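Student: I would like to go through this model feature by feature. Please give the general idea each time, and then the case at hand.

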Amino acid sequence: MSASSKISVQNKNDGEAYHEMASAAVDLKNIYVRNGLLSATRSVRDIDTNSRRQYLYSIPLTSRQPNGSHDPFISPPVELPTKIKARIPSPSGSKIAILVEENIIPTGTNERGNSSENKQRQVFEIWTANGHQLANRIILPSEKHGRVCTDFAWFGGISWSPDESTIVYTAEVNKPKTASFFTTTTSNVDDKNNTIIGGQYTLGVGKNEDWGEKYGSTALLTLFCLNVETGNIDAIENVPGSFMTKDNSSSTTEGGYVLGQPIFTPCGKCVVYTGWDAGEGREMPRRLGAIYCFQRPCKLYSSPVSELLDRLAKKASSNSADNNDEEGVKSRKGDTPYVCITPNDRLARSARFSKPIGDTSKLAYLCNTNGFDTHGGCMALHVSEWDMSKGSVIGGSLNVVVDVVQLPGERGDETKVSCMEFPGLFLNQLPDDCFSPDGEHIRLTTQWGSLSKVVSISLNDGTVSPINFDLLNIEGSNDSASQSFVCFTEDGGAIVTQSESNRPTTLGILQPSFVQNEIARSRVLADMPPISCTSFSSLKPDSRFKPGTGYSYQIINTQPKHGKVKVPVGSVLLLPENPGQEKLPLIVCPHGGPHSCMSTMYIPSYSFLCKHGRYAILLVNYRGSSGFGQAALESLAGNVGSLDVLDVVAATRAVIDAGIADPDRVGICGGSHGGFLAGHCIGQHPDLFKVAATRNPVMNIASMVTATDIPDWCYVEALGVGHYNFSNFSAPSKEELGVMWDKSPIAHIENATAPTLIGLGMKDRRVPPSQGIEFYHALRAMGVPNKLLVYDECDHAIDGVGSEADFWINTKQWFDQHL
């Protein structure tokens, strides 16, 4: 066979193999239970169209198969149109609010229209009769606000009022109106409508000051209420930093607050929400990148809305010109001022209410009173009593249920998970439905070492108890799977998910008595089969990935002697089937962040490298990772390039010393901070790491600090906690730049000999592409074999479906060639 034929066969085989593992992924979101029916949306890769398709599953919780088994009968999933951006059921399930984004085709064009002239609008569709009847279509007026924020993992939020008459949502504030100095028409640029002449290119006027990576179009967000019967919409005006003008635009997008995560209180009198300081609070004079950065100052606020809701409920449209004129605004009665619920806390977010008992309810939220400088950290769980009659927190009722944990075991917990006592709460948001039916416990998912673990927290004494179960064994417990709590069922059971490194996510249910037993009884609700993600090859039954086969995994904890904070370095080791028990080539994969974690969840890319490349894959959670205590996490700040490198080397040598890996065939692969570590390892330990593959790597902190959306990361990770002044921006000094350079991989590049693959997203605002390009040219000048992959439309994650597939197939072939 010719060389070209071999390459063609390899490309085909690798394409089919990647297809197999990517199609098996089960990525679920928007899971909820209403009226005995579980709904879940599955996101599926479509490589052919470089997009993701969304499928809706509807699973009756009480039905049985025709053969009488307890397994629920699952009808085929229904694909959701791409124009559907959100589906939010009301508390009773009798209504569903569906946010639709649709094109407006100008009159006089054909059905397809002229795409250059088409405009988009957003519409809330209100479906009643348990989601069977479309009762109302409410077009969201562009003159009131911009796009609705559907980033439910952070800023976004849509919530129903208790009486199901109103929804509150987060939307972009309209930019100020601007016009050119040379505008010839004056009818639309007079002082009456606040048009700013010559402001098109001014930051904070015609140009937004945004929130960096992934948030390039987000400047300011505020809250709006919509009555689903009358269709009336208006902003909640009694909020911090209220900047809305009478024409619903802002005078500037600088300063102010970003408001999000809104939720109605159980009494329906107020909306509680999170407010991020966008400059007005003087805790952050410049906006720093938001995504993956959980240290941005934020507090909880409560705004009374009774008067607003009464006004929206009136049949006469509040959107009419009569109600928006100056006299109309002056005459209408307003709600009382907002209240800051957490004035003394630097970080407070994710408000959740229990079902009311009598005249009170419980308000729970995540909090870190002092905050932290690192981009992630341990959170506390705070709970206060809410007075239903007054619509406010009861004074003196604050209960710190679980405080920030510095080191595992300091609370005196005896329960261990993966050989480690409780390390603290590491999660970004509380589940929407987190209170137990009796209101005495909170159920949530937290990072516990290298696992995602479901826990039950007693509101009486703060006891944290792991919920042990195994969806594959009704009465068993799985101590190595990553599991998540989703919500409660109507009879007090729990919807959960379970995933393992060699098993995609399974959806299951725990019996109502699950908290009373050491091991909770469980059963599978849906073990979802693969959905093909390309026409390149078919998923034949004999070649389809069978979960739990082809490779295995195990958790490894090492105890390095170096470092002041003594916690284990947790790793997840994936091993291909190895009948001959020969020593395997090893690819070491440290995660990015650095304050994140690799868990035992199914990840298609690493599964592809392990099962089809036949590589041992070592996912390393070096000190600084989340899930091992706050002190361990912060011990890395100021020590990057040394502590994390030594931890990666120690974990690697432990696998080699165990006789698993071939010491002469060790490579390293990582993105962002993982790429930073790959660059360090091939420079500091060239005899150990023989090949590298990186994506959007940090290679020179000194040249990154003035170009990134998170300059604070450069200071904190290179110089240590306390070295970045969040309240007073300043450029780095000569001495600071020197330290940053010393901590960077570029400082050790003269020792590098490992063939290196670099993948770059050219729209990356987190780690500028110049970082990888700088390293690439330096290696090429030294004669080190390297290859540069350029993804013009990708940002930091390189998560476009087609680009992601291309990068990982290139990565496998790079290791095949050089390892």
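Student: In which sense do strand S10 and strand S13 pair, and over how many bridges?

Tutor: Strands of a sheet pair through backbone hydrogen bonds, either parallel or antiparallel. Here strand S10 (residues 166-172) and strand S13 (residues 221-227) pair in the antiparallel sense, over 7 bridges. Tyr-169 has Phe-224 in S13 as its bridge partner. Two strands count as paired if DSSP finds at least two bridges between them. Helices (H or I, at least four residues) and strands (E, at least two) are DSSP runs, numbered from the N terminus.

Student: What should I know about the model and the numbering before going on?

Tutor: This is a predicted model, in which local features need pLDDT of at least 70 and side-chain atom pairs count only at pLDDT 80 or more, while totals for chains, interfaces and linings use all residues. Residues are numbered from 1 along each chain as its sequence is written, and side-chain values use heavy atoms, with hydrogens and water left out.

Student: What is the strand order of the open sheet that holds S10 and S13?

Tutor: The order is S9-S10-S13-S14, with antiparallel pairing. Strand S9 (158-160) and strand S14 (233-235) are the edges; each has a single partner strand, so one side of each is left without a neighbour in the sheet. On average, neighbouring strands of this sheet are turned by 25° against each other, direction ignored. Axes are lines fitted to C-alpha atoms, for helices over the stretch in contact, and angles run from 0 to 180 degrees between N-to-C directions.

Student: Which helix lies across S10, S13 and S14?

Tutor: Helix H2 (residues 306-313) does, running at about 45° to S13. Contact means heavy atoms within 4.5 Å.

Student: Which strands form the open sheet that includes S5, and in what order?

Tutor: That sheet has 4 strands in the order S5-S6-S7-S8, and the pairing is antiparallel. Strand S5 (84-89) and strand S8 (133-139) stand at its edges with a single partner strand each, so one side of each is left without a neighbour in the sheet. S5 is joined by 5 bridges to strand S6 (residues 96-104), and Ile-84 stands opposite Val-100 in S6.

Student: How many salt bridges does the structure hold?

Tutor: A salt bridge is a side-chain nitrogen of Lys or Arg within 4 Å of a carboxyl oxygen of Asp or Glu. The structure holds 26 salt bridges. One of them joins the side chains of Glu-125 and Arg-137 (2.8 Å, N to O). Glu-125 lies in strand S7 (residues 119-128) and Arg-137 in strand S8, so the pair ties together parts that are 12 residues apart in sequence.

Student: At what angle do helix H1 and helix H5 pack?

Tutor: Two packed helices are described by the angle between their axes and the distance between the axes. Helix H1 (residues 3-23) and helix H5 (residues 604-611) pack at about 130°, with axes 9 Å apart. H1 and H5 are therefore oblique to each other. Angles under 35 degrees count as roughly parallel, over 145 as roughly antiparallel, 65 to 115 as roughly perpendicular and the rest as oblique. The contact of H1 with H5 has 6 nonpolar, 1 polar and 3 charged residues. For these classes, Ala, Val, Leu, Ile, Met, Phe, Trp, Tyr, Cys and Pro count as nonpolar, Asp, Glu, Lys and Arg as charged, and the others, Gly among them, as polar.

Student: How do the axes of helix H7 and helix H8 cross?

Tutor: The axes of helix H7 (residues 643-657) and helix H8 (residues 673-684) come within 10 Å and cross at roughly 75°. That makes H7 roughly perpendicular to H8. Asp-644, Val-645 and Val-648 of H7 meet residues of H8, including Phe-676 and Leu-677.
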